[in-house]
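Open your viewer and get ready to click along. We will go from stop to stop, selecting a few things each time.

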Amino acid sequence: MLSRRAQRLWLFGILIWVTLALLSATQNATWRALSGRPVNWLVIVPNSLADWLTCGMFTPAFYWMVRRFPIRGERSWTRLPIHLGASFIFVLLKVSLYTPLYNLLNPEGHRTYSMVLFGGFYGDMLAYWASIGVIHAIEYYRESRARELEATRLALENLRAQLQPHFLFNTLQSISTLIHRDQAAADRMLTDLSDLLRLSLASTASQEVPLREELAFLDRYLDIMRMRFGDRLVIDVSADSAVREALVPSLVLQPIVENAITHGMADRPDIGHVAVRVRRNGNALWLEVSDDGPGLAAPPGDGNGIGLANTRERVARLYGAAGTVELLAAGGLTVRIAIPFRT
Amino acid sequence: MKATRVVIIDDEALARERVRSLLADATGVTVVAECSGGREAVETILGVRPDLVFLDVQMPDLNGFEVLEAVAAEWLPAVIFVTAYDEYAIKAFDVHAVDYLLKPIEAERFRKALARATNRGAGLLSLLDERPIDRLVIRTRGKVSFLKPSEIDWIEADGKHAQLHAGRDVHVVRHTLTRLEQRLASHGFVRVHRSAIVNVDRIKELEPWFHGEYVVILKDGTKLTSSAAHSQALHRIVDAT
């Protein structure tokens, strides 16, 4: 069974070719009428259909050619000779199918292969290139739609990762405790949480932000975590002033830091150290988040993998092969995101 | 009347403080200890044997269920779970009619849960029984550790408890053999006898015995007799591997 998309494409293809044949027949009939010749639709329409539909039969081959040798990307011009060759082969094949058909429909006016070939050479060549063009457009549209959907999905998932309900409710719990004892602290925490929510809602729109903005966001988050965990959490953030304007994917650090906090405390709930370090390494910017937990030996906790998989996907999407996400186990665990250094 | 002895378990100090301050308004309740992690909680519960615990579900080292699993064989207090957000847990609590509180904790709901939290039996145990097993929490020489199903050689019934044989160690857990059989079935365990479950991986050979029974010989030399009633299932699984 064909997929619904394939069914639609077939239908669309057949419809296009039949329409073209009928338009061409009308044009032919009009021209004949204007030049005072008899118009016999029963001759014109079958002839036109035979001509156009023998072209149309090759549509799957055109599709295959576009998929296999798309004229796009860096070395698109190298594909042109291939398609030029293919267009010649197409015309030769088409004419060898069409010639006997033509002679069958017009027994009184016999034509040889060469006559048919050179009679319609230009039109058939054009048919090949026009088809290739249209198929490129269809494919491009399909891909851009898929890309768009994927981007939306990632953005949503990212948003969910930022606003882990766990984090949210635990923070609210802390605030509800502080209200009774230390109203100033409760107030501060509430403001931090609001800022965090506002920033994470705003930044889903923009893919990249300067590092200093990303660090400001992280600061809000860490303020809350410090209040929640007190002395048990030691977090150190360092970034050279030279890299503070560098562009980084928005909200890239917070989920990794959240993982590190959980991971760092998995073995030893008494105290956890987390270090965030951003520096330049040649043409690359390194964002490193380290914890002093059990390294790679620890069982992955709830949802730990999702944040990281998401980050990988985002980095790959934004930077291609120039962006990498590595896990380094030395003592604890370090997540290193390497992206091109740009400002 | 003797005061209800309470332990508060949560990895966040502010969350414990909230429970403590809500308890301050209640009568007949004494907080005897607070714990900031799962391992500490296991030691404390077994040490002070409280009547009631407030137990956070999500903690970095051991989660609330695992804490309960580790202590249940020796001491099962009444439990009020506290959770920020955990759909799975909340569904389980509802199914087994176990008391729980959502963060941030509402005072009125807290009072109701406290008034009710005296039953400590069936709901909690059935809650534990139905949890899928990824790792069992056990105590070896007073220390909490984890045991993966793949590390268990065989399991022996021991009244209401079960003995897990893993290498040279034997761990006692508060589970019936039938429950363990159900929970471990997907990990390649098979019942060979009314009172024994075996890790299929550890079987070295089957020696035919009388009346369709077998002697199951494990890789470490342990010999178990399979009963006729269980031989068929045993055979099927061994053939399939």
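Here is a short tour of two chains and some of the contacts in them.

Before you start, note that this is a predicted model, in which local features need pLDDT of at least 70, side-chain atom pairs count only at pLDDT 80 or more, and totals for chains, interfaces and linings use all residues. Residues are numbered from 1 along each chain as its sequence is written, chains are lettered from A and ligands numbered from 1 in the order in which they are written, and side-chain values use heavy atoms, with hydrogens and water left out.

**Stop 1: where the chains meet**

Colour chain A and chain B separately. The contact (heavy atoms within 4.5 Å) involves 23 residues of chain A and 19 residues of chain B. In total, about 2,000 Å² is buried between the chains, and carbon and sulfur atoms give 54% of it. Buried area here is the accessible area (1.4 Å probe) that two parts lose on being put together, summed over both.

The term means a side-chain nitrogen of Lys or Arg within 4 Å of a carboxyl oxygen of Asp or Glu. Between chain B and chain A the count is 2 salt bridges.

Now show helix 1 of chain B, residues 13-24; with 5 residues, this helix makes up the largest share of the side of chain B that touches chain A. Helices (H or I, at least four residues) and strands (E, at least two) are DSSP runs, numbered from the N terminus.

**Stop 2: two helices in chain A**

Select residues 183-202 (helix 7) and 211-229 (helix 8) of chain A. Their axes come within 9 Å and cross at roughly 145°. Axes are lines fitted to C-alpha atoms, for helices over the stretch in contact, with angles running from 0 to 180 degrees between N-to-C directions. Among the residues making the contact are A:Met189 and A:Leu196 of helix 7, and A:Phe217 and A:Ile224 of helix 8.

**Stop 3: a link across chain A**

Pick A:Asp51 and A:Lys94. Their side chains meet in a salt bridge of 2.5 Å, N to O. A:Asp51 sits in helix 2 and A:Lys94 in helix 4, 43 residues apart, so the pair links distant parts of the chain. Side chains of opposite charge can pair when their charged atoms come close.

**Stop 4: loops to zoom in on**

Go to B:Arg135, in the loop between helix 6 and strand 6 of chain B. What does its side chain reach? It comes to 3.4 Å from the backbone oxygen of B:Asp61. The side chains of B:Arg135 and B:Glu66 are joined by a polar contact of 2.7 Å. A polar contact is a pair of N or O atoms within 3.5 Å; within protein, one must be able to donate a hydrogen and the other to accept it, and residues adjacent in sequence count only if both atoms are side-chain atoms.

Next, find B:Pro104, in the loop between strand 5 and helix 5 of chain B. A cis peptide bond joins B:Lys103 to B:Pro104, with omega about -5°.
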